[in-house]
Amino acid sequence: MLRLRPKAGGVVNDGSGHSALAYGLIVSVGKAQGDPNDWNALDVATRQVIQDLQKANPNMKITRQGEHLRLNGQPGLSTYLSNDSPAGGQETDWVVAVLRPEGIVYFVCVAPQSAYANYDKTFSSILDSVRFAH
């Protein structure tokens, strides 16, 4: 069995010479249009983000459909996914997306399923600290 060791920042060698995130949080901005207060526009943009993630990760599956939330007062969508973890086993991927004038801002919180409960409060604290300029 191949044993993967996390590098600094939660990145591991995936066994094929590539680095992959096993633990941590990714923040990205994607192209999207629509009123930031329009839940339908947010839903469409979030589905596109998830489809793009699934293209890059063919075994990624939605485990909990999008739920509405507020992130710094902005309408957001929270979706949970499962994927093969580069650390072995399965991982939980929590995607939180907010539609902004500059596009869709999304956060992907990643941890192995077996350890996810240990990271959940930290991920929530990080997201609670997010502030958007108005």
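# Close-up views of a predicted model

**View 1. The hairpin of β4 and β5.** In the hairpin formed by β4 and β5, 2 residues lie between the strands, and Asn72 adopts a positive phi near 55°. Asn72 belongs to the loop between β4 (61–71) and β5 (74–84), and it is a residue other than glycine. Helices (H or I, at least four residues) and strands (E, at least two) are DSSP runs numbered from the N terminus. Asn72 is partly exposed, with a relative accessible area of 25%; buried means under 20% relative accessible area, exposed over 50%, and partly exposed in between (1.4 Å probe, protein chains only). The strands β4 and β5 run antiparallel and are joined by 8 bridges. Across this pair, Leu69 stands opposite Gly76 in β5.

This is a predicted model, in which local features need pLDDT of at least 70 and side-chain atom pairs count only at pLDDT 80 or more, while totals for chains, interfaces and linings use all residues. Residues are numbered from 1 along each chain as its sequence is written, and side-chain values use heavy atoms, with hydrogens and water left out.

View 2. The open sheet has 5 strands in the order β3-β7-β6-β5-β4, with antiparallel pairing; two strands pair if DSSP finds at least two bridges between them. At the edges stand β3 (24–30) and β4, each with a single partner strand, so one side of each has no neighbour in the sheet. On average, neighbouring strands of this sheet are turned by 20° against each other, direction ignored. Helix α1 packs on the sheet and touches β4, β5, β6 and β7, its direction making about 20° with that of β5. Helix α2 (residues 116–128) also packs on the sheet, touching β3, β4, β5, β6 and β7, and its direction makes about 155° with that of β7. Contact means heavy atoms within 4.5 Å; axes are lines fitted to C-alpha atoms, for helices over the stretch in contact, and angles run from 0 to 180 degrees between N-to-C directions.

**View 3. Strand β5 and Gly76.** In β5, 10 of the 11 residues are buried, so this strand is largely enclosed by the rest of the structure. Gly76 is placed in β5 and counts as buried at 0% relative accessibility. The C-alpha atoms of Gly76 and Ala97 are separated by 5.4 Å, although these residues are 21 residues apart along the chain. Leaving aside residues up to four places away in sequence, Gly76 touches Trp39, Leu42, Glu67, His68, Leu69, Ala97 and Val98.

**View 4. The pair of β5 and β6, with Asp93.** The antiparallel strands β5 and β6 are joined by 9 bridges. Asn83 stands opposite Glu91 in β6, and Leu81 stands opposite Asp93 in β6. The hairpin of these strands has 5 residues between them, and there Gly88 takes a positive phi near 100°. Asp93 is buried yet has no salt bridge, and Lys61, the nearest side chain of opposite charge, is 11 Å away. Lys and Arg count as positive and Asp and Glu as negative, whereas His and the chain ends are not counted. Beyond residues up to four places away in sequence, the contacts of Asp93 include Met60, Tyr80, Val108 and Cys109.

**View 5. The nonpolar cores.** The largest nonpolar core has 16 residues, of which Leu42, Leu53, Leu99, Ile104, Tyr106 and Val108 touch the most other members. A nonpolar core is a set of buried Ala, Val, Leu, Ile, Met, Phe, Trp, Tyr and Cys residues joined through side-chain atoms within 4.5 Å. At least two residues of this core come from each of α1 (39–56), β5, β6 (90–100) and β7 (103–112). The largest share, 6 residues, is supplied by α1. A second, separate core of 14 residues includes Val105, Phe107, Cys109 and Phe123. In soluble globular proteins, nonpolar side chains tend to be buried together.

**View 6. The salt bridges.** The count comes to 2 salt bridges, each being a side-chain nitrogen of Lys or Arg within 4 Å of a carboxyl oxygen of Asp or Glu. The side chains of Asp43 and Arg47 form a salt bridge (3.2 Å, N to O). These two residues are 4 residues apart in helix α1, which means that about one helical turn separates Asp43 and Arg47. Asp43 is partly exposed, with a relative accessible area of 31%, and Arg47 is partly exposed, with a relative accessible area of 45%. Arg100 forms a salt bridge with Glu102, with the closest N and O atoms 3.6 Å apart; Arg100 counts as buried at 8% relative accessibility.
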